[in-house]
Amino acid sequence: MHELAICRGILDVAGAALAEHTPRVAVSSVAVRIGRLTGIDPECLRFYFDLLITDTPLAGAMLRIEEVPIRGLCRACAAEFVIESPAFTCETCGGSAVDLLSGQELQVISLETVEEVCGGD
Amino acid sequence: MRNVLDANDLIAAQNRRDFDAGGCCVINLMSAPGGGKTTLLERTIAGVRGRLRVGVIEGDVQGRLDADRLALLGVPVAQINTDPHFGGECHLDARMVRSALADFPLDGLDLVLIENVGNLVCPAQFSVGEDRKVMVSSVAEGDDKPLKYPLLFRVSNFLILNKIDLLGHVDFDPERFRANVARVNADLPVIELSAMTGAGCMQWIDWLLSEVERRRSRCHSHENGF
């Protein structure tokens with residue numbers, strides 16, 4: 001539902017990174033990391049991305065999406081596990097007090113150009 | 001690596017500084033459309049009258065229906081319409097709230113209640129500079145919602161189960177609801193009330209008073225250099 005707003009955020013970050021780079025280079029792809037708990041639909045995000053980059057310095061770029069699983073850490077037994085079901089229950093001890101280690105990411109990782117302009121973690 | 005919402009969070013921090021300077025406790029109130037946020041606000045404003053100075057920031061896609069309702073209660077109300085000013089967005093973000101602050105009398109207020117656009121998905125993602133995120137879920141929506149919209153239940157600090165006057169008329173089991181809440185956020189406090197009848201609302205008012213007090217003592221500690 002909020003893919004349009006998130007896509008605008010991605011383009012803001014990518015556009016700012018590109019603007020810092022002179023001379024101007026063409027961008028072949030923008031890599032993003034999206035946690036599954038964010039509820040972002042990757043196909044919907046791609047749809048907006050392709051639409052919004054038209055006639056911008058990012059035109060022609062591809063959106064590369066790395067989906068990050070929801071990982072939980074059980075407070076009771078310290079088990080780490082990937083959460084696939086809607087409930088965040090520990091699969092080892094059944095405890096429901098679970099801290100989240102990942103799954104809420106919304107990050108621009110890198111822009112791929114002839115040379116990299118915004119790279120690394 | 002940069003966070004996609006850095007720009008939003010930067011503006012949220014600016015809002016936060018303004019709220020702090022005004023000494024306001026700020027609550028971001030979120031629910032599905034028709035969850036009862038506006039009725040709860042009416043009940044809340046009446047409930048804290050004479051004890052807290054309250055202001056409301058109303059978020060809606062269109063229109064001033066809610067703002068006009070609340071203005072009748074004699075409190076400052078700012079209306080944000082996401083359409084046409086903010087692309088018809090389905091949530092409030094920090095920039096939209098910031099746009100409402102220019103003419104808003106923060107200095108004279110203890111509590112600012114921000115009514116987000118009715119939606120269980122998008123508001124979860126956008127901080128607006130609030131102290132606390134409060135979610136309203138109503139019995140008419142069903143007891144399975146925590147498992148369907150886990151992020152909002154996960155990021156909220158306080159949960160109100162509203163419309164308990166409808167229990168018995170709808171298929172809703174409060175115990176199953178609480179169990180489902182615990183399965184996505186074991187730390188989330190839950191209270192039950194009916195904004196329509198007023199049943200259970202004292203608990204909510206008490207929580208708000210304690211939050212305002214907690215905020216005051218924090219500011220006081222800062223002033224004393226702790």
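How far apart in helix α9 of chain B are Glu213(B) and Arg216(B)? They are three residues apart in that helix, residues 201-223, and therefore separated by about one helical turn. Helices here are DSSP runs of H or I with at least four residues, strands are E runs of at least two, and both are numbered from the N terminus.

Some ground rules. This is a predicted model, where local features need pLDDT of at least 70, side-chain atom pairs count only at pLDDT 80 or more, and totals for chains, interfaces and linings use all residues. Residues are numbered from 1 along each chain as its sequence is written, chains are lettered from A and ligands numbered from 1 in the order in which they are written, and side-chain values use heavy atoms, without hydrogens and water.

A salt bridge means a side-chain nitrogen of Lys or Arg within 4 Å of a carboxyl oxygen of Asp or Glu. Over all chains the count is 26.

Glu213(B) and Arg216(B) form one of them, at 3.3 Å from N to O. Glu213(B) is partly exposed at 44% relative accessible area, and Arg216(B) is partly exposed at 38%. Buried is under 20%, exposed over 50%, and partly exposed in between, with a 1.4 Å probe and protein chains only.

Next, Asp110(B) and Arg53(B) pair at 2.9 Å, N to O. Both sit in loops of chain B, so the pair ties together parts 57 residues apart in sequence. Asp110(B) is buried at 8%, while Arg53(B) is partly exposed at 47%.

Lastly, Arg16(B), Asp20(B), Asp131(B) and Arg215(B) are linked in a salt-bridge network.
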